[in-house]
Amino acid sequence: MSITITNTYGAPHNVSETNPAHVTSCDYYRLPLVGTIAPGNPGYEDMVEMLRDNGHNTRPEGYGLIFLESEEFSATYFGSIEQIEQYKRENVDGKATFDASQGVLYAQWPHGKGWDDFIPRVFWNQAQRGAIADGVGLVTAFAHTEIPGAEVIVFEFEGTWSPGGKSEQLVTYHCTGCHMDTFHDCGHVHENTGPDSRRWAARQARQHIISAHRHGVGDTNSACRPNNGEMLRVVNAVAREMWGTTGNALPETDDAYCATKGPCSIIRELRAGVRPPVYRA
């Protein structure tokens, strides 16, 4: 597919030659988790099953672990306990590096029995790294290929699945070209449980751009379909009739409504470094 998706925020990523929505690697990672596991640890035998299946279970004393994450990709490094303990000692200023050739690197973070209890919930935006709050902030953004100046933005936020519900840590994307609210587009808001959640939201953001490139903006087959305020005008007309007023209850353009009551209102606050209110609370 002849399309280049350009990052406007975050590190560039390498993608499949045949599918620009599928990220295969990244040159720069954060290392949010470092640890060790050894025989006798709870779930150890289940945790090393993946190594055993691939012929990599070569350290009977246990393993040192480094969990890597970029905006759209993640990986897990298995090395010696000694190497990881040395890395931790040398990383007091946050500038240490490690030699990945000494161990083995797996794409994504492991999950399942043993791992689910070992790996804590880790957000891309962390307060200890200067974020507004854990799990609240921009993750990445891409330039829209069909609408000049528009972006498709991936962000972590606090919201509720239904108005007035319980607040949760969520992740989704938003297109500033069509202003569709992903809460009304089933399957595009995710519980923010780890790197896989962020990866999937970013993948869907890329798919949105690819759909617009393939089908055009506004086509019935395109994921990018601006409403041009049609629904807002209907709501305003009904409100005027019900209340006997002449003014509009809501803005009559999607960008104006989104900027005050929709995802753009969250993104504006995130860019300003302000913690937004819980969405749909």
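Colleague: At what angle do the axes of helix H7 and helix H8 cross?

Modeller: In this predicted model, the axes of H7 (residues 254–261) and H8 (residues 263–271) cross at roughly 55 degrees and come within 4 Å.

Colleague: Why is H7 called oblique to H8?

Modeller: Angles under 35 degrees count as roughly parallel, and 65 to 115 as roughly perpendicular. The crossing angle is roughly 55 degrees, and H7 is therefore oblique to H8. The crossing is right-handed. On the H7 side, the contact is made by Cys 258, Ala 259, Thr 260 and Lys 261; H8 contributes Pro 263, Cys 264, Ser 265 and Arg 268.

Colleague: What puts the buried residues of helix H3 on the same side?

Modeller: The buried residues of H3 (residues 81–90) are Gln 83, Ile 84 and Tyr 87. They cover an arc of only 95 degrees around the axis, so they lie on the same side of H3. These residues pack against strand E4 (30–37), strand E5 (63–69) and strand E6 (74–79). The face turned away from the buried side carries Glu 82 and Arg 89, which are exposed.

Colleague: Which residues touch the most other members of the largest nonpolar core?

Modeller: Of its 19 residues, these are Ile 5, Phe 142, Val 152, Val 154, Ala 205 and Ile 209. Strands E8 (137–143), E9 (151–159) and E10 (168–175) and helix H5 (195–215) each supply at least two residues of this core. The largest share, 6 residues, comes from H5. A second, separate core of 16 residues includes Leu 65, Phe 67, Val 104 and Tyr 106.

Note on methods: Residues numbered from 1 in each chain as written. Predicted model: local features only at pLDDT ≥ 70, side-chain atom pairs only at ≥ 80, totals over all residues. Heavy atoms only, no water. Buried < 20%, exposed > 50% of the residue type's maximum accessible area, 1.4 Å probe, protein only. Arc of directions from axis to C-beta. Contact = heavy atoms within 4.5 Å. Core = buried A, V, L, I, M, F, W, Y, C linked by side-chain atoms within 4.5 Å. Axes fitted to C-alpha atoms, helices over the stretch in contact; angles between N-to-C directions. Parallel < 35°, antiparallel > 145°, perpendicular 65-115°, else oblique. Left-handed = near helix turned anticlockwise from the far one by under 90°.
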